[in-house]
Amino acid sequence: MKLLTANFISCPVRTCKTSPTSFPLHFKDCELACDPDGNPYSRETLLGVLPRLEWDALRTSAGELGFTELPVEKPEGEVVGEEVLRRIWELLVQTHVVTGKMVCGNCAYEFGIQSGIANFLLPGHLV
Amino acid sequence: MLPTPTTAHLTFTHIYNPSEDTYLLLDTLSSPSQTTFLSQHFPPHTPTPFVLEIGSGSGIITSFITSHALTIFSRPDLLLLTTDISHHASLATPTTVLHNPPPPNCSSGLFLDSLTTDLSSPMRRGVVDVLIFNPPYVPTDTIPFTSSTAFSNLSTRSSFDEESYYLELTYAGGEDGMGTTNRLLEGLDETLSPRGVLYLLLCAQNKPEQVAERLRTGGYGGDGSGGPLWKVEKVGSSGLRAGWEVLGIWRVWR
């Protein structure tokens with residue numbers, strides 16, 4: 001799972017949806033892989049994606065994976081340096097969680113990630 | 001016509017083998033009327049559209065949109081995510097995207113991930129700009145249970161039972177074949193962004209005209225006081241051919 005994906009998802013438990021602590025889900029015990037050839041850098045895409053990002057949540061998620069260099073303020077506009085953009089792309093798109101967990105800050109349920117694929121199926125009593 | 005993605009790398013014991021419904025969705029999404037609509041609905045320099053396919057199966061539809069983003073949306077920046085209740089499908093989908101790169105010198109959309117989950121349940125509210133769903137639409141007495149518990153119990157059953165279960169997941173739609181689709185439509189207002197568009201496949205037995213009317217008149221969602229009023233249009237069909245299964249693609253938007 002990509003760090004970028006984590007910025008668009010929250011806990012699937014219905015009663016958690018309205019709780020601000022259900023987003024972002026918190027990474028735990030993660031093994032990472034980097035795939036620099038997978039999705040080549042696209043400035044156009046990144047500039048289109050940046051306005052969509054919840055930046056504070058992204059910094060939280062990145063921090064949980066050991067990346068603390070994201071700037072406090074969201075870089076926006078055409079003036080942002082190419083080097084900064086390339087590093088953000090590397091983090092968001094080319095870094096993958098291969099195995100690990102995502103934990104809801106509201107209900108504490110742990111969702112597993114295996115072979116890069118997160119499983120959000122819920123047990124019968126939570127469906 | 002755009003080339004159909006290859007799925008030659010897959011075996012279809014546990015996932016849905018692309019069929020007439022799949023190809024109707026591909027044809028509709030790449031038809032001049034829909035590429036014009038999508039290009040105007042998501043004009044250049046607006047934030048990158050977020051595409052979610054529910055029940056991606058082999059991944060052929062998302063793979064098609066990823067590699068032909070520029071032709072379909074007139075812009076290369078697309079984010080694509082898929083969900084499926086079956087982890088076999090979640091594993092298959094990214095491999096199909098990898099096996100179908102964009103045409104030479106053409107940039108593709110950005111495929112994010114596939115998630116194993118029910119419908120769009122882990123999505124943050126109001127994120128999805130284009131939602132695509134080829135649902136289990138065949139009328140059946142029951143719909144299989146899909147909790148995590150049901151899946152872990154599978155390991156105690158024979159491989160024939162297991163394959164039957166996964167097959168049933170791909171088609172069994174409950175009453176009028178609408179059981180799963182109704183759940184999606186009840187939550188549609190929360191899933192779609194303000195500019196969001198749904199492409200939904202329905203067959204004749206789903207009573208699609210009634211579904212469309214119910215969507216137009218606030219019959220889905222809300223707490224009894226009336227849900228949102230959707231625009232609904234039939235934008236593709238395979239009804240010209242003989243056979244009991246007459247399929248249509250319905251576009252639903254605000």
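A residue counts as buried when its relative accessible area is under 20%; the legends below describe a predicted model.

**View 1. Strand pairing around strand 2 of chain B.** Strand 1 (residues 50-54) of chain B pairs with strand 2 in the parallel sense, over 5 bridges. Within this pairing, B:Thr83 is the bridge partner of B:Ile54. Strand 3 (residues 110-116) of chain B is also paired with strand 2 in the parallel sense, over 6 bridges. Here B:Phe111 of strand 3 stands opposite B:Leu80.

**View 2. Contact between chain A and chain B.** Each chain is represented in the contact, with 34 residues from chain A and 34 residues from chain B. The two chains bury about 2700 Å² between them, of which 59% is on carbon and sulfur atoms. On the chain A side, the most area is lost by A:Phe8, A:Arg52 and A:Leu121, which together account for 26% of what that side buries.

**View 3. Polar features and composition of the interface.** The interface of chain A and chain B holds 3 salt bridges. B:Arg124 forms a salt bridge with A:Glu54, with the closest N and O atoms 3.4 Å apart. Polar contacts link 19 residue pairs across the interface. Helix 1 (3-6), helix 2 (43-49) and strand 4 (117-118) of chain A each supply at least two residues of the side that touches chain B. Helix 2 of chain A gives the largest share, 4 residues. The residues on this side of chain A comprise 17 nonpolar, 11 polar and 6 charged.

Notes:
Residues numbered from 1 in each chain as written. Chains lettered and ligands numbered in written order. Predicted model: local features only at pLDDT ≥ 70, side-chain atom pairs only at ≥ 80, totals over all residues. Heavy atoms only, no water. Contact = heavy atoms within 4.5 Å. Buried area = accessible area lost by both parts, 1.4 Å probe. Salt bridge = Lys/Arg side-chain N within 4 Å of Asp/Glu carboxyl O. Polar contact = N/O pair within 3.5 Å; in protein donor to acceptor, adjacent residues only side chain to side chain. Nonpolar A, V, L, I, M, F, W, Y, C, P; charged D, E, K, R; others polar. Pairing = 2+ DSSP bridges.
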